[in-house]
Amino acid sequence: MVGQLDLDNGGENKGLIQDKFCGIINICVEALHDVLSEDPDTGTYKDCMVMSHFEEQKVSEDEEPPTEQDRRKKLLALKDPVHSVSLQQFVYEKLKAQQELLGEQGFQSLIESVDTEVIRQLQGFLQKL
């Protein structure tokens, strides 16, 4: 998803993005529902797919310690954008780039093409950034 939502690619993709904007936003909101969990104390959202850094897991006596293969998989996963880039932040940055590209009025007309409930949900996800 991260590589496919290149809203600020400009030029030839500009019209395509405008044509598909409603669908892109719908998919983004669905994905945000899937990957974000709300902290009940602060009301902020956390991307549960993002791994902050490599930590050795604590193992109980009845579990086997992680193997070298497990460690390599974890280090490889840390390089994957799914685990290193917050979808919430990514969507916010791409929307801001699109807003700058189109100008306030052009961007507003795109936003108006999206269902109001979807926009309300998107605003809820992005409000604390």
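The model is a predicted one, so local features are described at pLDDT of at least 70 and side-chain atom pairs at pLDDT 80 or more, while totals for chains, interfaces and linings use all residues. Residues are numbered from 1 along each chain as its sequence is written, and side-chain values rest on heavy atoms, with hydrogens and water left out.

Read from the N terminus, the order is α-β-β-α-α-α-α. Of the 129 residues in the chain, 29% are buried. Here buried means under 20% relative accessible area, exposed means over 50%, and partly exposed covers what is in between (1.4 Å probe, protein chains only). The chain exposes about 8800 Å², with 49% of that area supplied by carbon and sulfur atoms; accessible areas come from the Shrake-Rupley method with a 1.4 Å probe, and for residues only the protein chains shown count as cover. As for contacts (heavy atoms within 4.5 Å), residues 24 or more positions apart account for 69% of those in the chain with a separation of 6 or more.

Next comes the core. A nonpolar core is taken as a set of buried Ala, Val, Leu, Ile, Met, Phe, Trp, Tyr and Cys residues joined through side-chain atoms within 4.5 Å. The largest one has 23 residues, and Phe21, Ile25, Val91, Leu95 and Leu122 are those with the most contacts inside it. Helices H1 (12-35), H4 (87-112) and H5 (116-126) each supply at least two residues of this core. H1 gives the largest share, at nine residues.

Packed helix pairs are described by the angle between their axes and the distance between those axes. H4 and H5 pack at an angle of about 130 degrees, and their axes are 12 Å apart. That makes H4 oblique to H5, given that angles under 35 degrees count as roughly parallel, over 145 as roughly antiparallel, 65 to 115 as roughly perpendicular and the rest as oblique. Axes are lines fitted to C-alpha atoms, for helices over the stretch in contact, and angles run from 0 to 180 degrees between N-to-C directions. The crossing of H4 and H5 is left-handed, that is, the near helix is turned anticlockwise from the far one by less than a right angle, clockwise being right-handed. On the H4 side, the contact is made by Gln88, Val91, Tyr92, Leu95 and Ile111, and on the H5 side by Ile119, Leu122, Phe125 and Leu126.

Two leucines of H5 show how this looks residue by residue. Leucine 122, found in helix H5, counts as buried at 5% relative accessibility. Setting aside neighbours within four places in sequence, leucine 122 is in contact with Ile25, Val29, Leu32, Val91 and Leu95. Leucine 122 and cysteine 28 are 94 residues apart in sequence, yet 8.4 Å apart in space, C-alpha to C-alpha. Leucine 126 also lies in helix H5 and is buried, with a relative accessible area of 12%. Its partners, not counting residues up to four places away in sequence, are Gln88, Val91, Tyr92 and Leu95. Between the C-alpha atoms of leucine 126 and valine 91 there are 8.5 Å, and along the chain 35 residues.

Aspartate 115 sits in the loop between H4 and H5 and is partly exposed, at a relative accessible area of 44%. Aspartate 115 is 89 residues from asparagine 26 in sequence, with 8.6 Å between their C-alpha atoms. Glutamine 127, in the segment after H5, counts as exposed at 55% relative accessibility.

Histidine 83 belongs to helix H3 (residues 81-84). This histidine 83 counts as buried, at 18% relative accessibility. Leaving out residues up to four places away in sequence, histidine 83 touches Met49, Val50, Met51 and Ala77.

Methods:
Helix = DSSP H or I, 4+ residues; strand = E, 2+ residues; numbered from the N terminus.
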